[in-house]
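Here is a short briefing to read alongside the model. Take a look at the sequence and the structure first, then come back for the notes.

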Number of protein chains: 2
Amino acid sequence: MPTMAEPVYASLDLGGTNLKGLVATAEGKMLAEGSEPTRSHEGPERVLERMADLLISLGEEAAVDLAAVGVGCPGLIDQGSGTTRFLPNLATHWRDVPVAERLGTALGTPVYLLNDVRMATLGELTFGHGRTASSIVFLALGTGIGGGVAIDGKLRLGPLGMAGELGHMILLPDGPGCGCGSWGCLETLASGPAITAEGVRLLLSGQAPELYRLTSGDAGRITPELMAQAARSGDGSVRDALVRAASFLGLAVANLVVTLHPEVIVLGGGVAGIGDLLFDTVRATLTERVRMFPTADVRLEPSQLGDRAGILGGIALARMGGIGSQR
Amino acid sequence: MPTMAEPVYASLDLGGTNLKGLVATAEGKMLAEGSEPTRSHEGPERVLERMADLLISLGEEAAVDLAAVGVGCPGLIDQGSGTTRFLPNLATHWRDVPVAERLGTALGTPVYLLNDVRMATLGELTFGHGRTASSIVFLALGTGIGGGVAIDGKLRLGPLGMAGELGHMILLPDGPGCGCGSWGCLETLASGPAITAEGVRLLLSGQAPELYRLTSGDAGRITPELMAQAARSGDGSVRDALVRAASFLGLAVANLVVTLHPEVIVLGGGVAGIGDLLFDTVRATLTERVRMFPTADVRLEPSQLGDRAGILGGIALARMGGIGSQR
């Protein structure tokens, strides 16, 4: 139990499916943790109430007063005012919802907002790889591909908190259409859905017997991780599909390395569960495609915090008193 | 004439063709300027002598003692030791030449090295657009494409000074071979030679009557700037070629914007002489391809220092006492 003098912070991750809350010390020591379904179809008002209730109950569970709260939001926000601008995966899209103000009033404590993947990058920077590295690029490889960039131990956000939208680097100028409205983005080539879709094609066209066996022929059960298992069991076509996706990720990494030459590139999210085949292919692509200078010193690492990167980033955000707009 | 107490600095740009020297105050006020042919085929020893002689004569011309010297080198250097590692465009490639030590001994003053395009970025940051912006991306569009990145008013160099090698961002995974050993790099798509080569093709295949007229049919006289003139005079095919190259540059800019969301992107070098058609196409591509957030606030600008960006960057470098290796 912390002493009276030691401030305690809370963090909340506003996800499309669940709200996740954490109460922790400044050093990230967990005091209470919990989650609730988001139910965004009920509208922002009800979700805001649920967010406040979750944090209040976690504070009570930890028997502490909260000094500040950090909230991660899946989309575009105004960091200065703590207002959401556009959260594409939530019902009604949360245009201009004054989350910091509303939640701050309900809790009686300052509330700071940040894009969720930038918050995860901040978590990794503060409590993960950032303990031994000061320049970090974070790639969250999931349903979408999010990212974050930290230089000199500081998160790069830019004026809108959108620096680090690495899933929307364009790698195939005439590539597949992306949910963002552009095309050929990394996200269309190496996200979970992009990889899974190729698994479905191989399964349905009879080219992936091991994947068929692992899923009992049910295309709905295919995941990148299961595809990696099928590849290890001998499905050459599935292996090729994973290598192709990982090669595109390697191109993105190569472009980030020539741009920033970071110490560590963190590959997080479910797609990183592909494991060695992904990491080895990204490394090989980086070595093959960056020829201007040696890149062996750039570390490719899984997240040290896993699923907790975001929520621990919220503790760091609260502790910092938020991050304003950057020029 | 500066007072005795005011330190005066020198800068030297070591180019493949010419050495350019400058003596200036800390504020960049020019006191003396000059150049000499590099004649790298005579070997590093003779070039180092010529570098020292140029700086000594400029110091004498300005009647000042030099407090420190900044030297821009076209390639890979070890900033910490001030040693060149690989300068591809100079005879013998200058492997492991201790330039800072040798020049420092000859001049009796500290000498600091930096990659030439990073030095130009530092010039722009210190004496150009950086006076009103703190996050800047610099693209030097010439025979090659070099670059530099500054965040929070600080040049990002990385451990080898190679962060900012933006000409080697890969934009066409199966694109043309690049001098760096990779392929599909921006440099293969939008550099002076890439653009000029397409001009040659159009001229020789009879598709560019205005370009033919402007060059009297001499393919050796084609430049991107002349191609822009031909496009304005009605050569639609030449216009298309310029738009295609500028669109690739726009893709690179789009990728830099989603990664860093800088305030200013400076398009410098001879290719920027294409003018409005280049800037307008880059802007249109940025708007079309970055859909995650508004990008109208990102300024696309010509260099404020033009040819002098590098040499003024050397003054800034000398004033800073060099920039060590960055993590």
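B:D152 is partly exposed, with a relative accessible area of 41% (partly exposed lies between buried, under 20% relative accessible area, and exposed, over 50%, using a 1.4 Å probe and protein chains only). Its partner in a salt bridge is A:K154, with the closest N and O atoms 2.5 Å apart (a salt bridge is a side-chain nitrogen of Lys or Arg within 4 Å of a carboxyl oxygen of Asp or Glu). This is a predicted model, in which local features need pLDDT of at least 70 and side-chain atom pairs count only at pLDDT 80 or more, while totals for chains, interfaces and linings use all residues. Residues are numbered from 1 along each chain as its sequence is written, chains are lettered from A and ligands numbered from 1 in the order in which they are written, and side-chain values use heavy atoms, with hydrogens and water left out.

**Salt bridges between the chains**

- Side chains of opposite charge can pair when their charged atoms come close.
- Between chain A and chain B there are four salt bridges.
- In the pair of A:K154 and B:D152, A:K154 lies in strand 10 (residues 154–156) of chain A, and B:D152 sits in the loop between strand 9 (145–151) and strand 10 (154–156) of chain B, so this pair joins two chains. (Helices, H or I of at least four residues, and strands, E of at least two, are DSSP runs numbered from the N terminus.)
- A:K154 is partly exposed, at 39% relative accessible area.
- B:R327 and A:E263 form a salt bridge too, with their closest N and O atoms 3.2 Å apart.
- B:R327 is found in the segment after helix 10 (309–320) of chain B and A:E263 in the loop between helix 8 (236–260) and strand 11 (264–268) of chain A, so here again the pair joins two chains.
- B:R327 is partly exposed at 45% relative accessibility, whereas A:E263 is buried at 17%.
- A:R327 and B:E263 also meet through their side chains in a salt bridge of 3.2 Å, N to O.

**The contact between chain A and chain B**

- Chain A brings 47 residues to the contact and chain B brings 47 (contact means heavy atoms within 4.5 Å).
- About 4,200 Å² is buried between the two chains, and carbon and sulfur atoms give 60% of that area (buried area is the accessible area, with a 1.4 Å probe, that two parts lose on being put together, summed over both).
- A:R289, A:M292 and A:R327 supply 18% of the area that chain A buries against chain B, more than any other three residues.

**Salt bridges within the chains**

- Over all chains, the count comes to 26 salt bridges.
- Within chain B, B:E42 forms a salt bridge with B:R50, the closest N and O atoms being 3.2 Å apart.
- B:E42 is partly exposed at 34% relative accessibility, while B:R50 is buried at 8%.
- In chain A, a network of salt bridges links A:E42, A:R46, A:E49 and A:R50.

**A hairpin in chain B**

- Strand 2 (residues 18–25) and strand 3 (residues 30–37) of chain B run antiparallel and are joined by seven bridges (two strands pair if DSSP finds at least two bridges between them).
- B:V23 has B:A32, in strand 3 of chain B, as its bridge partner.
- Four residues lie between the two strands of this hairpin, where B:G28 takes a positive phi near 85°.
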